[in-house]
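Okay everyone, thanks for coming. Let me put today's structure up on the screen, and then I'll walk you through it.

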2 protein chains.
Amino acid sequence: MVIKQAVKTYNLTTEDERLTALMKAFGHPARMQIVRFLSDHPQCFTGDIVDVLPLAQATVSQHLKVLRDVGLICGSIEGPATSYCICDETLSWFKKKVSLSF
Amino acid sequence: MVIKQAVKTYNLTTEDERLTALMKAFGHPARMQIVRFLSDHPQCFTGDIVDVLPLAQATVSQHLKVLRDVGLICGSIEGPATSYCICDETLSWFKKKVSLSF
DNA sequence: TACATTCATCGTAAAATTACGATAAGGGAC
DNA sequence: GTCCCTTATCGTAATTTTACGATGAATGTA
């Protein structure tokens with residue numbers, strides 16, 4: 001027997017959808033640690049992040065993608081490596097939204 | 001073949017663990033909407049929240065439990081019903097932490 | 001007493017996330 | 001060219017989350 005779960009649409013503004021997506025991105029310890037590390041070590045490489053996390057390279061890369069997709073970080077290719085940094089606009093937007101929203 | 005996934009421990013302070021848990025709680029549209037609704041309608045009943053969400057009562061109750069468990073809301077039993085309100089201390093802590101952390 | 005109302009919890013199916021090894025893609029060095 | 005180095009992506013297993021109907025517990029009412 002196959003039972004399909006209904007897809008739900010919620011009544012959120014576009015801004016609140018973005019806020020929720022950012023909250024979700026922050027809501028995993030590995031990603032929280034990545035953002036913390038990036039704020040202490042701007043422009044660092046993926047390998048540096050892998051070194052400080054108890055996770056395989058592939059998993060870290062996956063978490064980086066989540067952070068990229070919500071615009072919290074951006075990576076730039078430098079030779080064979082990729083260096084990441086926090087996207088200040090997104091972070092400012094997030095902080096402002098949190099301070100005004102609740 | 002059975003492959004066990006390793007349990008990971010992350011290097012976060014207790015405060016950052018709490019922050020991450022709160023982010024995760026906010027990181028679902030239904031729960032975001034619940035918090036929004038509660039900030040507009042303090043002390044409202046579970047039924048009122050169920051009415052504005054596109055979800056079954058059991059599901060809403062489950063989301064309320066998530067918010068309760070992180071201390072974002074608290075419920076008080078009033079006769080046969082339960083009225084909920086936002087926990088201001090937690091919310092203040094969260095906002096302060098966000099504004100200072102990133 | 002019985003019955004209705006409200007809501008949390010249980011059991012479970014579906015969906016999404018997390019994690020890893022393997023692989024591929026794109027440079028630099030030689 | 002070949003050989004490393006770095007990192008993203010693929011495939012997939014394990015885990016967690018989400019969602020719902022059913023049930024139960026607590027309260028109020030007739």
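Predicted model: local features only at pLDDT ≥ 70, side-chain atom pairs only at ≥ 80, totals over all residues.

Strand β2, residues 73-78, is joined to β3(B) by six bridges, and the two run antiparallel. Together β2(B) and β3(B) make a hairpin, with two residues between them. In that turn you'll find B:Gly79, which has a positive phi of about 65°. On to strand β1 of chain B, residues 44-45: two bridges tie β1 to β3(B), again antiparallel. If you want a pair to click on, B:Phe45 has B:Ser83 as its bridge partner in β3(B).

Now over to chain A. Here three strands form an open sheet, in the order β1-β3-β2, with antiparallel pairing. β1 (44-45) and β2 (73-78) of chain A are at the edges with a single partner strand each, so one side of each has no neighbour in the sheet. Between β2(A) and β3 of chain A, residues 81-86, there are six bridges. One pair to look for is A:Ser76, whose bridge partner in β3(A) is A:Ser83.

Next, how do the two chains sit relative to each other?

As for where they touch, 24 residues of chain A are in contact with 24 residues of chain B. On the chain A side, the elements giving two or more residues are α1 (14-26), α2 (29-40) and α5 (88-101). By class, that side has 12 nonpolar, eight polar and four charged residues. And 100% of the interface residues of chain A are also interface residues in chain B, so the copies meet through the same surface.

Last stop, the DNA. How many residues surround DNA strand C? There are 30, and among the closest are A:Ala58, B:Phe45 and B:Gly47. Two or more residues each come from α4 (57-69) of chain A, and from α3 (46-52), α4 (57-69) and β3 (81-86) of chain B. The biggest contributor is α4(B), with six residues.

Okay, over to you for questions.

Technical notes. Residues numbered from 1 in each chain as written. Chains lettered and ligands numbered in written order. Near = placed C-beta within 6 Å. Helix = DSSP H or I, 4+ residues; strand = E, 2+ residues; numbered from the N terminus. Pairing = 2+ DSSP bridges. Contact = placed C-beta atoms within 7 Å. Nonpolar A, V, L, I, M, F, W, Y, C, P; charged D, E, K, R; others polar.
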